[in-house]
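Here is a friendly briefing to read alongside the model.

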Amino acid sequence: MEDTKQQFEHVIKICRSLFEKKLHDYGAAWRIMRPSSVTDQIFIKANRIRSIEVKGVALIDEGIRSEFIAIVNYGIIGLIQLELGYAETNDMSVEKALEMYDKYANMALELMLAKNHDYDEAWRSMRISSYTDLILMKIYRTKQIEELSGATLVSEGIDANYMDMINYSVFGLIKLEFGE
């Protein structure tokens with residue numbers, strides 16, 4: 001289990017590095033996105049992964065690794081937007097964005113460690129394509145919850161679905177980085 005924590009932290013460091021570089025280039029322009037737009041952006045990324053998995057080839061010179069990184073980063077953006085609401089302008093400093101990124105990355109790590117304990121690292125026996133399918137399922141659940149304006153009867157909220165999408169993407173990245 002200690003390996004999993006270290007591998008998680010390694011992969012999150014890669015995701016955070018790209019997030020930080022994009023903050024430099026674009027600022028926190030994503031602050032204008034409503035959570036439903038973030039969900040759609042994650043859908044685009046997950047759908048591309050599935051398309052590459054099914055077709056076996058990508059015509060754009062970026063593979064599934066970059067898409068899993070994007071899902072992690074958009075999942076964290078989604079959690080930030082759920083907490084703060086969207087803005088009409090880029091209203092967040094780089095420092096604040098990174099502070100919030102770290103907050104949600106740590107929450108995802110804690111959730112993963114708790115679930116990993118209970119499920120005995122079952123994710124390690126799964127195929128990467130299964131993570132893709134689970135992410136897509138979580139997206140469709142999230143879209144339904146968004147359509148219901150968050151008024152669910154028994155289900156977890158949008159935030160829990162974003163957390164699961166982050167963790168499934170991290171699992172995919174761990175397998176891509178460290179092997180099956």
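A charge counts as sitting over a ring if NZ of Lys or CZ of Arg is within 6 Å of the ring centre and within 35 degrees of the ring normal. In this predicted model, the charged end of Lys143 sits over the ring of Phe43, 4.7 Å from the ring centre. The structure also holds 5 aromatic pairs, and two of its helices, helix 3 and helix 6, pack with their axes 9 Å apart.

**Aromatic pairs: Phe19 and Trp30**

- Among the 5 aromatic pairs is that of Phe19 and Trp30, whose ring centres are 6.0 Å apart with planes at 40 degrees, so this pair is tilted.
- Phe19 belongs to helix 1 (residues 2-26), while Trp30 is in the loop between helix 1 and helix 2 (35-55); the pair links distant parts of the chain, 11 residues apart.
- Phe19 is buried, with a relative accessible area of 5%, and Trp30 is buried too, at 10%.
- Ring pairs also bring in Tyr101, giving a cluster of Phe19, Trp30 and Tyr101.

**Aromatic pairs: Tyr131 and Phe171**

- The ring centres of Tyr131 and Phe171 lie 6.0 Å apart and the planes meet at 55 degrees, so this pair is tilted.
- Tyr131 is in helix 5 (residues 128-147) and Phe171 in helix 6 (residues 158-178), so the pair ties together parts that are 40 residues apart in sequence.
- Both Tyr131 and Phe171 are buried.

**Packing of helix 3 and helix 6**

- Helix 3 (residues 64-84) packs with helix 6 at an angle of about 155 degrees.
- Angles over 145 degrees count as roughly antiparallel, so helix 3 is roughly antiparallel to helix 6.
- The crossing of helix 3 and helix 6 is left-handed.
- On the helix 3 side, the residues making the contact include Ile64, Phe68, Val72, Gly75, Leu79 and Leu82.
- On the helix 6 side, they include Ile158, Tyr162, Met165, Ser169, Leu173 and Leu176.

**A look at Leu134**

- Leu134 lies in helix 5.
- Is Leu134 buried or partly exposed? Leu134 is partly exposed, with a relative accessible area of 22%.
- Not counting residues up to four places away in sequence, Leu134 touches Met126 and Tyr168.
- From Leu134 to Gly179 the distance is 20 Å, C-alpha to C-alpha, and the two are 45 residues apart in sequence.

Terms used. Residues numbered from 1 in each chain as written. Predicted model: local features only at pLDDT ≥ 70, side-chain atom pairs only at ≥ 80, totals over all residues. Heavy atoms only, no water. Phe/Tyr/Trp six-rings, centres within 6.5 Å; stacked < 30°, edge-to-face > 60°. Helix = DSSP H or I, 4+ residues; strand = E, 2+ residues; numbered from the N terminus. Buried < 20%, exposed > 50% of the residue type's maximum accessible area, 1.4 Å probe, protein only. Axes fitted to C-alpha atoms, helices over the stretch in contact; angles between N-to-C directions. Parallel < 35°, antiparallel > 145°, perpendicular 65-115°, else oblique. Left-handed = near helix turned anticlockwise from the far one by under 90°. Contact = heavy atoms within 4.5 Å.
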